[in-house]
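Colleague: I have just opened this one and would like a walk through it. Could you start with the overall picture and then go into the details?

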Amino acid sequence: MKLDVKVKDIDSELLYRTLEINTGKKKILTPENASYSKNPVSGINELYKRFSLDGTGNTNNLDKVLTSDTYESDLNNSLKRFVNSNLNMFFVDYSDIRLPENKHIEAMSDIQYSYSDVVITPTCSKIIRDMNAEEAVDSFLNITNRFLDVVETLNNKGIAGTIPFKVPRLNIEDIIKNYYDRDITSFVIDLDGKCVQTTFSKMRMLMRLIKEYDLSEEAFLYGINSYEGKFAKDAVEIAAKDFISTGFGIDILGMNHIPPRLPSATWNQISQKEKTYR
């Protein structure tokens with residue numbers, strides 16, 4: 001099911017444009033930045049959860065979701081606390097290299113659907129990072145299409161398809177065509193911690209593909225995991241490299257959810273602390 005997207009204004013020379021996105025009774029104008037429930041500074045409320053088959057490495061355990069009502073109830077209660085009256089965009093990352101069974105995909109789909117105003121196909125961070133390109137894309141499309149099969153059996157929401165920008169440019173069109181064949185015309189770009197400036201050539205290719213598939217009037221792009229920039233020692237200013245994304249075709253800028261490359265014990269300590277955002 002396509003998202004209801006209307007182009008309100010467009011710059012003839014730059015990649016800036018204003019879109020009106022309608023989901024049910026909620027309406028958003030872009031360009032916009034997402035925020036989260038504890039700091040709701042925009043009309044977009046972003047949620048994020050990581051899942052794996054056995055819950056290793058600070059992920060939610062899909063096997064326990066299937067076998068423990070208490071575990072699933074606790075997970076539901078934790079998500080309810082972060083949903084609000086804004087446009088809720090819930091991202092799930094399948095953070096396992098093993099392919100899930102259909103029962104795992106069904107559980108992940110039901111959880112995502114319940115707390116999001118838009119159906120968003122999963123990111124598959126470990127598969128994209130750890131497999132070679134051909135295997136990664138095959139596995140990603142396998143999970144994506146099975147996820148969509150589950151959603152489409154009972155769906156009243158618009159769908160956005162994720163595109164992992166870490167894959168080679170040769171595979172981007174395969175992913176776009178797969179979504180196009182399933183009547184999905186809006187996309188989430190997973191920048192995997194990179195600044196959009198370093199992927200500008202891929203962004204140009206993506207914009208060309210959107211035009212070639214005649215999606216310019218229907219598509220919107222939501223960017224996540226964009227590089228934010230870091231404060232150098234004693235610096236008082238920082239280049240907000242993530243915010244540059246909206247000038248390169250991104251309509252909505254989400255947050256960076258990639259954990260730092262640290263030992264799991266150290267990351268667990270950090271993750272218990274309250275996050276702060278600029």
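Modeller: The protein exposes about 13900 Å², and carbon and sulfur atoms supply 49% of that area. Accessible areas here come from the Shrake-Rupley method with a 1.4 Å probe, and for residues only the protein chains shown count as cover. Please keep in mind that this is a predicted model, in which local features need pLDDT of at least 70 and side-chain atom pairs count only at pLDDT 80 or more, while totals for chains, interfaces and linings use all residues. Residues are numbered from 1 along each chain as its sequence is written, and side-chain values use heavy atoms, with hydrogens and water left out.

Colleague: OK, and what share of the 278 residues is buried?

Modeller: Buried residues make up 49% of the 278 residues in the protein, where buried means under 20% relative accessible area, exposed means over 50% and partly exposed lies in between, with a 1.4 Å probe and protein chains only.

Colleague: How many helices and strands are there?

Modeller: The protein has eight helices and 12 strands; these are DSSP runs, numbered from the N terminus, with helices being H or I over at least four residues and strands being E over at least two. Among contacts between residues at least 6 apart in sequence, 72% join residues at least 24 apart, a contact being heavy atoms within 4.5 Å.

Colleague: In what order do the six strands of the open sheet come?

Modeller: The order is β4-β12-β11-β10-β9-β8, and the pairing is parallel. The edge strands, each pairing on one side only, are β4 (32-33) and β8 (119-120). Two strands pair if DSSP finds at least two bridges between them, and β9 and β10 pair in the parallel sense over four bridges. Thr162 stands opposite Val188 in β10.

Colleague: Which strands does α6 touch when it packs on the sheet?

Modeller: α6 touches β9 and β10, and its direction makes about 170 degrees with that of β9; axes are lines fitted to C-alpha atoms, for helices over the stretch in contact, and angles run from 0 to 180 degrees between N-to-C directions.

Colleague: Which residues of α6 are buried?

Modeller: Asn171, Ile172, Ile175, Ile176, Asn178 and Tyr179 are buried in α6. They cover an arc of only 155 degrees around the axis, which puts them on the same side of α6; the arc is that of the directions from the helix axis to the C-beta atoms. Leu170 and Asp181, on the other side of α6, are exposed. The buried residues of α6 pack against α5 (133-151), β9, β10 and α7.

Colleague: You mention α7, so what span should that helix have?

Modeller: At 1.5 Å a residue, the 13 residues of helix α7 (residues 200-212) should span 18 Å, and its end C-alpha atoms are 18 Å apart, which agrees. The expected span is 1.5 Å times one less than the number of residues in the helix.

Colleague: And which residues of α7 are buried, and which are exposed?

Modeller: Lys202, Met203, Met205, Leu206, Leu209 and Ile210 are buried in α7. They cover an arc of only 160 degrees around the axis, which puts them on the same side of α7. On the other side of α7, Arg204, Lys211 and Glu212 are exposed. The buried residues of α7 pack against β9 (159-164), α6 (169-181), β10 (187-190) and β11 (221-224).

Colleague: Changing topic, is Asp93 buried or exposed?

Modeller: Asp93 is buried, with a relative accessible area of 1%, and its place is in strand β7 (residues 87-94). Leaving aside neighbours within four places in sequence, Asp93 is in contact with Tyr48, Lys49, Arg50, Phe51, Thr123, Cys124 and Ser125.

Colleague: Which residue stands opposite Asp93?

Modeller: Arg50 stands opposite Asp93 in β7, and β5 and β7 pair in the parallel sense over eight bridges. Eight of the nine residues of strand β5 (residues 44-52) are buried, so β5 is largely enclosed by the rest of the structure. β5 also pairs in the parallel sense with strand β6 (residues 60-61), over two bridges, and the bridge partner of Ser52 in β6 is Asn61.
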